[in-house]
Amino acid sequence: FFEPFPSFSCAMAWCRPVLAIACLFLLVSGTPVAPDGVAAIPSSLEEVVLTVFKGPECADPNAHCVGYLEAFLAFPLPTKPADLTAPSTIQLVLGYLLRYYTEEGTRSLALATARLLIRENPLHEAAKAYLAEHQPHKPSTKNPEEPWMVAPYCPSAPPARTTCQQILGLNALQGWAAAGGATGAAAAMYMGLPHRVGIVATRDLQEGDVVLSVPDALTLDAAALSGGDVPAVLAGESPEDIRFYGSVARLLQATSEASLQPWIRTLPDMQQSTAPSTWTAAQLEDLESVAPVLAQYAGEQKLRHESMYERLAAHLAAQMPSRLPTPAQWNWACGVTAAHSVSGTASQGLVPLLDKFNHAADGEVVLHHAGQSVVKATRPYRKGEQVFLQYYRPPSDLATVFLRWGLVPTLEEVGVTFQMPADDDAAEDSWPPTPISYDITELLRVARLMVSDHSSNPAQTGAVPLSLVHELESVAGAREYLRRVHDQLRLREAKLPPEGTPHRGPCQAALELQLHLTEAAMEEVAGYWRSLVLRGLPPPGGELPYIDESLAEALEDRLASGAELEAREAEADFRTIVKMRGGLVRHLRKFVNGMGYAAPAASLGDVLTAIPLDLTVQAKDLEGSGLDLDVRAALTGTDQLLFATFRLAVALLWRLQEPYVAAWARTLPHTFPELPQTWPKSDLHTLAVVFPSVGKRALARREAHEAAWSALQAQLAGRLPATVWTRERWDWAVAVVSTHAVHVAADLILVPLVEKFKHADGGLVAETSRGVWWLKAPRDYNDGEQILMSHPYPAQDVGDLFVNHGVQLAMDPAHTFSKHASFTPENAKPLDPAIGSAEEWQVPVVIANDVHRLLIPFRAVHCSHSECAERWAAIRHGEPMSNDTELIALDAAMDYLQELKSSIRKISRKFEIVKNVDGAVTAATVTQMKWLQETYMKVTHASVHSCKNYKFVLTQVPQYEKVHSYLTDEDGNLQEV
């Protein structure tokens, strides 16, 4: 009996109900197929029912078990079920069905079941309750004579009914094919999900054995089309298209031929078809949401099929006058022909039985020999094992496979690729459609062309690296492109079709494969980047060296675990980690100004440092944590700089859970005495006494810090690990961000090791592009020369830098903030302008090395009435006036600066008073305030020096306007004379 069902071990949950339905049908139909004449015994029904029904698969009502029980009750048995089965079993079965139908809301079946229960047991409580609720006007003891099922042989519940019909249809197909000359040691079987139908070995097979052999007489192709001349109608089309659409026409013709019905009934209907060309417009819109390129190609393919239908419509009408196929039927036939045609046959046509093979990358192939389409085993198969066919030879792109077969290649298929649509042409670094796969050769070629200037070298193909710098920029561009693609794909997950729709499976599989291939390409590109950083360019044609990351992981674990290490050892370990992770950093050595980075011998434009942004900590890291919206809400109303600071501090704490960031934290300071926000409140009040305006800003900053902690504590308590979210850790994180973060556009990021770069005005300016933080040589460098960096801050006010960042400005000649350093004198009042006391003229004095900025209020005071009235806008923008006005303003400014120097010196007296008060202020605070006093004095000295230089120019060069252009630099600042 089980010979047609060799996989009857019932390892899967669907197996027993499926076999039970088939058993019941065969037992009762009078046509058993048991070998050796063994008769089926109807009395075994009760045993079968109880075995399946009382098993674990049917503990809770489900469609498969219900289908089995429906089949048991539905078949036209010779006598009533109660005559074959004990009444208690009947009641058990009916009670189970009543529960299922009630839960599913199938009222008609529930009522019929309840009536049968009452007939078997008039006192059945559940049946009485259901009938009383849903048919209270009818007697509960009525015995309806209505039929239990509409279909005589299969259950009514859709999943079980479909299963039953497929089993019976495949059984009929097997016999029909055998009668037509098909042979072999395999059969088409119902497999359950995900394949539903497949070819299974009916005995053990050895290599070389014939799995299936089907004669050409059963093949449907264009050659078998009766009547008409498709090649003539489609003259001018390719031979492949002519053959394909001829096969489509033959399939439509076959649907009305009685002799072919056993096979036609096993073909998928419109709802079951996975070929995108058969999808509706709404389904293609869903596909476009998750895979635009596939949707575009599918739409084009569907239009192509429709165009061919219009060309062949008259021909089809002549060949099938009684039933002209509709456009929907034509699309169905195109989908079936594309997905089920068998490669390797004489005509690439539809071959019954062979069309039931499922695909595997290492599957068998179809050979054509002596008028037969043959599949032979290339390895041993066990009885009951599924045999697969190789539909296509890898490598293949996703679009080709998806459009023809409605398949998505598996992750194991080497060489599969996909493409994203072209980037917006208006966007920076706009990429053309580029294959994405494990093989990044083509991706790198396109990336090199994106970086190259094609106009200077039209012959450049991008096939080989041009230089290490060029290759680093190319790989960085590829990484950024893949990151952008990955983000787009993640957004598309929310646009998948609803659960349960037939096209969700292919759409989801296509999206998941694209994500997997993108992540694989990202890993390959990241590995190549690390190789470039550590080893340089690979030799021409050579393989990329393998970079073992286990050392970085071991060092991360050692640092993150809190192992006892000296600060220098921890820093050295972390530099190794950054290098192993792809950060291009230089050697540290001791210079006059302390430890700093030494450059290699480098030329203009060479990369001195390159750190991928995925090695940094950014506020946007919170976007995937589920915390970002709450953090933003808690910080509502905070000014822009503090908002960015506090948000990045939370991101740092969040990422401390990662070994890499925890290892980095080991190398960062634990205390920050230079930062006023970490001082005791009493010290801040002392600062306000000595430097009123600076102290006021520091106290305001401290209050904002306290308010942010309270607001965030209310939102985040319990959502971060207790070891991370503490007040002490919060204070530390804010201090780290305040002192170590760098500004990128309008945001802050934490870049590892950047704190080791010493600052110099005019030093290297970092740039961020293609997902990398770069320092490039603006000139030639000698080997071992110190790399000095310009740390950009949004404000260069001495007090603001001190309060917000703990920065003390170096004013020595070699390393000076000459263009930017400034401060507003303590308790300074705006000067009274010459034209009145209008508020717009109340310009405060700003002490700066930029003489034109310094002179703004003095020009407003000393200009003539007409000059001020005519050129007030020019004055406010720092533009010079007449020579006479400039000289008068200069003298007034220099007198002011002399008085200011005297007042700055007097601050020292306040220090003496503070020091003499026991416990009033810490020594570190006094040191910081003395540095601030010295900085004020140095900026004032620099301003005096600038004034003297400017006065020299005005007095020695009478016609100043004529030489103004070359006496100022490109930024409009006066050059030193």
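This is a predicted model: local features need pLDDT of at least 70, side-chain atom pairs count only at pLDDT 80 or more; totals for chains, interfaces and linings use all residues.
So, α22 passes α26 in a right-handed crossing. Helix α22 covers residues 640-655 and helix α26 covers residues 727-740, and they pack at an angle of about 120° with their axes 8 Å apart. That makes α22 and α26 oblique to each other. Who does the touching? On the α22 side we have T645, F646, L648, A649, V650, L652 and L653. On the α26 side, the contact is made by R729, W730, W732, A733, V734, V736, V737 and S738.

Helix α28, residues 851-862, and helix α29, residues 865-876, pack at about 170°, with their axes 10 Å apart. Anything over 145 degrees counts as roughly antiparallel, and α28 and α29 are therefore roughly antiparallel to each other. Their meeting points are I856, R859 and A860 in α28, and C868, I875 and R876 in α29.

Okay, zooming out for a second. The secondary structure of the protein comes to 32 helices and 22 strands. There are 977 residues in the protein, and 50% of them count as buried. Then the contacts: take those with a separation of 6 or more, and 68% are between residues 24 or more positions apart.

Now, rings. How many aromatic pairs does the count come to? It comes to 20 aromatic pairs. One of them is W431 with Y481, and that pair is stacked, 4.2 Å centre to centre with 5° between the planes. W431 lies in the loop between β9 (418-419) and β10 (435-436), while Y481 is in helix α17, residues 468-492, so this pair ties together parts that are 50 residues apart in sequence. And are W431 and Y481 buried or exposed? Both are buried.

Next up, W529 and W774, and here the geometry is edge-to-face: 6.1 Å centre to centre, 70° between the planes. W529 belongs to helix α18, residues 504-535, and W774 to strand β19, residues 772-776, so to speak two distant parts of the chain, 245 residues apart, linked by the pair. W529 is at 0% relative accessibility and counts as buried. W774 also has a relative accessible area of 0%, so that one is buried.

What does A610 touch, leaving out residues up to four places away in sequence? The list is W529, G582, G583, L584, V772, W773 and W774. With W774 in particular, A610 is 164 residues apart in sequence, yet the C-alpha to C-alpha distance is 4.6 Å.

A few more aromatic bits before I stop. F244, Y245, Y309 and W330 form one aromatic cluster. The charged end of R379 sits over the ring of Y381, 4.0 Å from the ring centre. Further along, R779 has its charged end over the ring of Y781, at 4.1 Å from the centre.

Technical notes
Residues are numbered from 1 along each chain as its sequence is written. Side-chain values use heavy atoms; hydrogens and water are left out. Rings of Phe, Tyr and Trp (its six-membered ring) pair if their centres lie within 6.5 Å; planes under 30 degrees apart count as stacked, over 60 as edge-to-face and the rest as tilted. Helices (H or I, at least four residues) and strands (E, at least two) are DSSP runs, numbered from the N terminus. Buried means under 20% relative accessible area, exposed over 50%, partly exposed in between (1.4 Å probe, protein chains only). A charge sits over a ring if NZ of Lys or CZ of Arg is within 6 Å of the ring centre and within 35 degrees of the ring normal. Axes are lines fitted to C-alpha atoms, for helices over the stretch in contact, and angles run from 0 to 180 degrees between N-to-C directions. Angles under 35 degrees count as roughly parallel, over 145 as roughly antiparallel, 65 to 115 as roughly perpendicular and the rest as oblique. A crossing is left-handed if the near helix is turned anticlockwise from the far one by less than a right angle, and right-handed if clockwise. Contact means heavy atoms within 4.5 Å.
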